[in-house]
Amino acid sequence: MTNLIATSPPTALAPVPARARRRRPAKHHRVGWFTYVVLGATTFLSLFPIYWMFVIASNDTSAINNVPPVLIPGSNFMANARQVFDAVPFWRNLGNSLVVAGTIAVGQVFFSALAGFAFAKLRFPGRNALLVLVVGTMTVPLQLAVIPQFILITHIGWVNDLRALIVPGLVTAFGVFWMRQAVDNSLPDELIDAARIDGARTSRVFWSIALPSIRPAASVLGLFAFMGAWNDFFWPLIVLNSPETFTVQVALRQLQSQAYVTDYGVQMAGIVLATVPLLLIFLLLGRQIVGGIMDGALKS
Amino acid sequence: MPSDTSTVTLNGVVGSPRRRRRRASLTPYLYIAPFFLVFGVFGLFPLLYTAFISLWDWNPIGDKTFIGFQNYTELFADPRFWNAAGNTLSIWAISTIPQLIAAIVMAAVLNNALLRAKTAFRMAVLVPNITSVVAIGVIFTQLFGRDYGMINWLLQSVGLDRIDWQAGRLSSQIAVSMMVMWRWTGYNALIYLAAMQSIPSSLYEAAAIDGANKVRQFLSVTIPQLRPTIIFTAIISTIGGLQVFAEPLLFGGQGGTTGGASRQFQTLALFLYEQGFRNFKFGYGSAIAWALFVIIAIATVVNLKLSSRIASE
C-alpha cells in the first residue's frame, strides 16, 4: 500500500493557505449556496441519528409509537436506564470495555512504537522485506480466520476471558506502520548519533529520545486503538458467553435480542450509555482525530 | 565507554568493540518481535489454518473426520451460499459506489478555503464513524421500522406507500447499506479532503488561465489528481464491504443470524457465523471463510484494474 498514495510527505494541513491564495479574491469572496446546501445536508444526516438516539432513549415506549414521531427529548431516560441495569450488568460491562480498550490502547502504542522505531532507525538484515510484510498484512481480512482463532483461544483456556480480546489486539500492522512514519518524521538521525556518542544504548535512545519525540502521533494512535477496541463487536460476540464478561457492545446486542426487552426506549438508553463516553472523547479530542485520519491518508 | 575511542559507523551504531556491534545487531529483532509473534500466532497462522480445517468435518465438541474437498462441493451446491454471496455483492455495490461519490462531493465542499468553522464540519461528518456498529444497527433498525419508523412516516407524509423494509430483498439490503454508508462516507470524505489539499495550486491556476470554470477544474484537475486515493479507498471499502456482518445481524433483530426470514439480507460473513458458531460446523464454516477470502482477493484485483482505468479516463 505504501506508494498507493505517494503524494507529498505529510504536510496535509499546510497547503490550505496556498489554496486560499490561488483563489481570485474578487470572484470567490463568498461561499456559494451549493456549498451551504451540501454542508447543511451532510451535517444534518450525520448528526440526526445521534440526536434521534437521545430522543428515543429519553421517551417512554408509547411515545415511540406516536404518529407523527416524537422529535424532542423526554424525561424518561432514568427509568429506561434502570431497565437496562435490570437486564444486563451494565456497569460491569462498561468496566470490561474500559479495561479492554484501555489496555489495548496502551499496549498498541508501546509495541507499535518499539517496532516502528526499529524499522525507522535501526539497520538490520531483512529489514525492508519485513517492513513490506507488515504493510502487506494491513489489508488481509483477518476476521475470516475466526474459527481457528476460536479453537486457539479454547486451547489456551481464554474463552469467556477478557485476555482473549486484549492479547490479539495488542499489535496491528497499521500501528507499526503509523509509528514508523512518526519516528521517521520527527526524530532526526543526528539526535540519535549524538546520544550514541554520549554512550546511550538503543533502549535508552528509545525511551528517552524516540518516545518523547513521537508523543503526538502516539496519542492519536492510542485514540484510534481505544475507539476501535471499544466498538469492536464480532470477536467479543464469539469469545464471550456470560453477561459478566460481556463488553458493552455485546451487552447491547444481548439487550436487543432478549425476548422480554423489545423496548426501543430501553435499547436506546443502553446505546446512549455506551456511546456517550466516546462522544465525550470525541468532543475533546476530535480535532486530533480528524487530523490523524487526514494525516494517515497521505501516509498509507 | 569513552567516546573518544569509539567510532561512529555509517549506520549510526557506535562500534569500536566487537561486542557492542553484535549486541546492536540482535536488538532490532527484539524490538519487532512482539508484533510478529502476536500477529503470527493470532492472525496469520489461524488464517492459513482455516484452509486446513476446511478439509475436515470438524465438530468442536465431537468428532473430526478428514473429508477432503467435500465441504467445498457441498458449499457450491448449497443455495444458501449463492444467496449469501449475491447479497454480499449487492450490499457492497449499493453501499460503496454511492458512498464514494458522495464522499468526493463532500470533500470538494469541505475543501472550500473560505469556509468558516472548518474543524466543526469535519468533526460533524466523522461522528458516524466513531459510533459503534451495534449502536448504528439498533438506531437504523428503528428508523427503518415498518410501523413506527421515521423513514416510513416521511414516505407517507409525502404521499408514498409505507415499505416493509425488512421483508423485501432489495429494501432490506438498502436499509443495511444505509448503515454502512452512514458510517463510512464522512471518513472517506476526510481522506479525499486530505488528498485534495495536497494538489499543487499551480495546476488550478493553469486550468483557470485556460478558461476552465470550477466544475471543469474539478473534473479535469481534482479527479485525476485523486486517482491513487480513489483506488485506495475503493480497495479498502471493498475489503470491508464484503465482510459486512454486524449491520445485517442487528437489522434482523432476534432472528438476525439468518439475515431475515428468507435469508434476504444474509451476507457471507453472517453465513459463516451461522454455520460456525450457531450450527458448530467448523469445517463448513472454514470453507465459507476461505471462499469469501478468494472473493475478496478477486474483488480487490478487479477493483484495482477497474478503478485505475476509470480514474485515468
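Me: In this predicted model, what distance separates the centres of domain 1 of chain B and domain 2 of chain B?
Reply: The domain assignment, automatic or taken from a database, gives chain B a domain 1 (7-53) and a domain 2 (79-312). Taken over C-alpha atoms, the centres of domain 1 of chain B and domain 2 of chain B are separated by 38 Å.

Me: Which residues in domain 1 of chain B lose the most area to domain 2 of chain B?
Reply: Between domain 1 of chain B and domain 2 of chain B about 420 Å² is buried, 83% of it from carbon and sulfur atoms, where buried area is the accessible area (1.4 Å probe) that two parts lose on being put together, summed over both. Together giving 80% of what the side of domain 1 of chain B buries, the residues that lose the most are B:Leu47, B:Thr50 and B:Ile53.

Me: How many salt bridges does the rule find across the interface of domain 1 of chain B and domain 2 of chain B?
Reply: A salt bridge needs a side-chain nitrogen of Lys or Arg within 4 Å of a carboxyl oxygen of Asp or Glu. Across the interface of domain 1 of chain B and domain 2 of chain B, the number found by this rule is zero.

Me: How many residues does the contact between chain B and chain A take from each chain?
Reply: The area buried between chain B and chain A is about 10000 Å², with 77% from carbon and sulfur atoms. Counting contact as heavy atoms within 4.5 Å, the residues taken are 101 from chain B and 116 from chain A.

Me: What is the radius of gyration of chain B?
Reply: The C-alpha trace of chain B spans about 85 × 70 × 35 Å along its principal axes. The globule rule, 2.2 Å times the number of residues to the power 0.38, goes with a radius taken over C-alpha atoms. A compact globule of 313 residues would have a radius of gyration near 20 Å, whereas chain B has 26 Å.

Me: How are residues and chains labelled, and what pLDDT do local features need?
Reply: Residues are numbered from 1 along each chain as its sequence is written, and chains are lettered from A in the order in which they are written. Side-chain values use heavy atoms, with hydrogens and water left out, side-chain atom pairs count only at pLDDT 80 or more, totals for chains, interfaces and linings use all residues, and local features need pLDDT of at least 70.
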